[in-house]
Amino acid sequence: MGKIVKVSGPLVVATGMEEANMADVVRVGEQRLIGEILTMTGDSASIQVYEETSGLGPGAEVVTTGSPLSVELGPGLVENIYDGIQRPLEVIMEKVKSNNLPRGVEVPALDREKKWDFVPTVEPGAQVVGGDVIGTVQETPSILHKIMIPPKMKGKILSIQGGSFTVTETVAVLEQENGEKVELTMMQKWPVRVGRPYKHKYPPVIPLQSGQRIVDTFFPVAKGGTAAIPGPFGSGKTVMQHALAKWSDVDLVVYIGCGERGNEMTDVLREFPELVDPRTGETLMKRTVLIANTSDMPVAAREASIYTGITIAEYFRDMGYAVAVIADSTSRWAEALREMSGRLEEMPGEEGYPAYLSSRLAQFYERAGSVSCLGSDERRGSLTAVGAVSPPGGDLSEPVSQATMRIVKVFWALDASLAYRRHFPAINWLNSYSLYLDSLKPWYDENLGKEFLQNREWAMAVLQEEASLNEIVQLVGKDSLSAKDQITLETAKMIREDFLQQNSFVDIDSYSEYDRQARMLSMIRDYDTQCRSAAEKGGALADLFAIPAREGIGRAKSVPADQYKENYAALSEEMEREINAIGEKGEDAL
């Protein structure tokens with residue numbers, strides 16, 4: 001037990017803490033505020049308090065719990081809404097009958113009274129190792145929760161029983177190799193700053209299908225990969241992350257609202273229960289865990305929220321699920337790091353951020369991956385990390401954006417000018433990139449054919465050419481360009497408006513499957529090729545740009561999902577017929 005000697009906002013310094021260790025969780029003052037030890041100097045400890053410290057003064061007691069900041073893992077996580085240190089917000093609201101989070105409230109993260117139906121999957125006498133599944137709980141219609149042996153244990157199952165249990169009741173007894181008997185419950189604890197172990201990490205080779213055409217076709221992210229969404233205020237970061245949470249083909253989504261505005265988190269909480277998951281037909285909340293840590297909550301808890309979220313995600317990854325962690329936003333998290341670093345009087349780095357900013361960001365993103373899970377049976381799980389970055393004034397040269405760009409392999413650069421023109425998703429195709437294309441090529445070639453990536457390369461080249469032609473157009477006007485260049489501009493316009501632009505308010509267009517994307521892009525390329533051929537024969541450009549099939553391509557994205565294959569095939573034939581007629585007419589005129 002120690003005594004406080006200094007209080008500086010969320011930083012508290014206490015002496016008499018010789019029995020405590022670095023990273024221990026402590027309880028501070030009469031209200032038992034929760035904190036974590038950041039540094040130790042002799043018997044003096046600097047403590048980061050995760051709650052409001054007003055009213056706290058020198059002389060108040062500090063008691064260490066002897067364990068690091070940990071999360072409870074077990075049935076009851078899915079559909080729950082937690083704050084940054086895994087306190088269940090809805091349970092607290094019912095308990096205190098208020099919308100405000102009181103200080104010092106102690107509520108377990110997992111419900112201790114709710115009973116779950118446990119179904120054993122091993123027999124007594126079975127030899128098990130860490131990560132082995134010993135039973136299952138149908139947590140929601142979308143998620144079968146697998147109860148696993150904690151990672152560092154192995155031995156023989158002495159007894160196991162099925163039935164209804166709470167998360168703290170014994171479901172099995174394990175005899176370890178040293179003869180020690182351990183009672184196993186459905187819940188385990190894990191320190192948030194330590195990555196959960198796995199057998200082997202594989203290179204990501206399967207794309208994460210998001211249903212957003214600019215993401216899937218142009219800048220794909222792999223399952224188990226890392227991506228960043230940087231952009232200025234109002235460019236649609238949160239909208240983009242909502243779309244990924246809704247449509248990505250993952251089994252579970254962990255959404256971390258880290259330092260975001262309260263009304264944005266409210267939108268998430270209102271929308272997700274009403275949205276229907278396209279994979280299961282249930283509501284989206286049935287496969288979502290929410291960490292709500294809004295901008296008015298204590299700044300120190302923001303720093304923990306990222307780790308809390310990714311540890312929960314790793315737990316579900318260990319069951320063999322594909323999980324996506326969506327962090328909104330890592331800039332607010334970095335601001336919390338900067339504030340604590342300043343109060344600790346550490347030497348500041350660039351723009352006041354601590355010198356260890358890059359390594360902390362890397363620690364977060366490196367926990368993503370496609371892995372072979374622990375256990376004697378073969379399970380593959382993946383964890384995809386997507387972080388939003390909110391650079392002040394949209395300046396991508398600031399430290400958080402630059403550090404993130406060095407770590408992640410996919411960069412979706414949002415552009416405010418596109419957002420103001422009502423072009424969504426407002427991802428700038430000239431500034432964005434994906435480094436997963438080479439590793440995903442075998443999957444694309446096998447599932448979509450070799451033409452898919454060839455068409456993608458062609459479309460990117462057309463958009464690049466359009467950018468350089470636009471400078472000439474501003475000087476001399478569009479009519480002074482050659483026929484080839486005018487066709488390039490028309491094709492680029494089709495790629496931008498008919499392919500990349502998506503309307504999330506129209507059900508058919510809010511999600512676009514890979515096959516539809518491949519056929520749409522192929523159709524635009526065919527139009528371009530045939531127009532060039534007809535123009536060489538003397539076909540009039542005005543006629544080529546005004547054919548009915550050109551308008552049909554513009555409406556192709558609104559064709560219902562069960563009709564698009566036949567519709568696109570008929571449209572291609574019609575387009576070929578109309579363009580050939582204009583080409584022949586041009587030849588006759590010559």
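About 40 Å³ of space lies in the largest cavity of this predicted model. A cavity is a set of points on a 1 Å grid over the protein atoms alone where a 1.4 Å probe fits but cannot get out. Grid points are joined across faces, edges and corners, and a volume is the space filled by probe spheres set on the points. The whole structure holds 2 cavities of 30 Å³ or more.

Gly131, Met148, Ile149, Pro151, Arg196, Asp318, Leu374 and Arg379 line the largest cavity. Lining residues have an atom within 4 Å of a point. The second largest cavity is lined by Tyr50, Asp83, Ile85, Arg87, Leu101, Asn293, Met297, Pro298 and Ala301.

Residue numbers start from 1 along each chain as its sequence is written. As the model is predicted, local features need pLDDT of at least 70 and side-chain atom pairs count only at pLDDT 80 or more, while totals for chains, interfaces and linings use all residues.

Pockets come next. A pocket is an open set of points with protein on both sides within 12 Å along at least five of seven lines.

| Space | Volume | Lining by class |
|---|---|---|
| Largest cavity | about 40 Å³ | 4 nonpolar, 1 polar, 3 charged |
| Second largest cavity | about 30 Å³ | 6 nonpolar, 1 polar, 2 charged |
| Largest pocket | about 1100 Å³ | 17 nonpolar, 14 polar, 12 charged |
| Second largest pocket | about 780 Å³ | 15 nonpolar, 8 polar, 6 charged |

Ala, Val, Leu, Ile, Met, Phe, Trp, Tyr, Cys and Pro count as nonpolar, Asp, Glu, Lys and Arg as charged, and the others, Gly among them, as polar.

The largest pocket has a volume of about 1100 Å³. Of its 43 lining residues, Thr238, Val239, Met240, His242 and Ser504 are the closest to its centre. Helices H3 (237-247), H4 (262-274), H6 (330-343) and H13 (507-510) each give at least two residues to this lining. H3 gives the largest share, 8 residues. Helices are DSSP runs (H or I, at least four residues), numbered from the N terminus.

The second largest pocket has a volume of about 780 Å³. Among its 29 lining residues, Leu89, Asn99, Leu101, Thr294 and Met297 are the closest to the centre. Helix H1 (89-96) and H4 each supply at least two residues of that lining.

H5 (residues 299-317) and H7 (residues 357-365) pack at about 25 degrees, with axes 10 Å apart. H5 and H7 are therefore roughly parallel (angles under 35 degrees). Glu303, Ile306, Tyr307 and Ile310 of H5 meet Arg360, Gln363 and Phe364 of H7; contact means heavy atoms within 4.5 Å. These contact residues divide into 4 nonpolar, 1 polar and 2 charged.

Terms used. Heavy atoms only, no water. Axes fitted to C-alpha atoms, helices over the stretch in contact; angles between N-to-C directions. Parallel < 35°, antiparallel > 145°, perpendicular 65-115°, else oblique.
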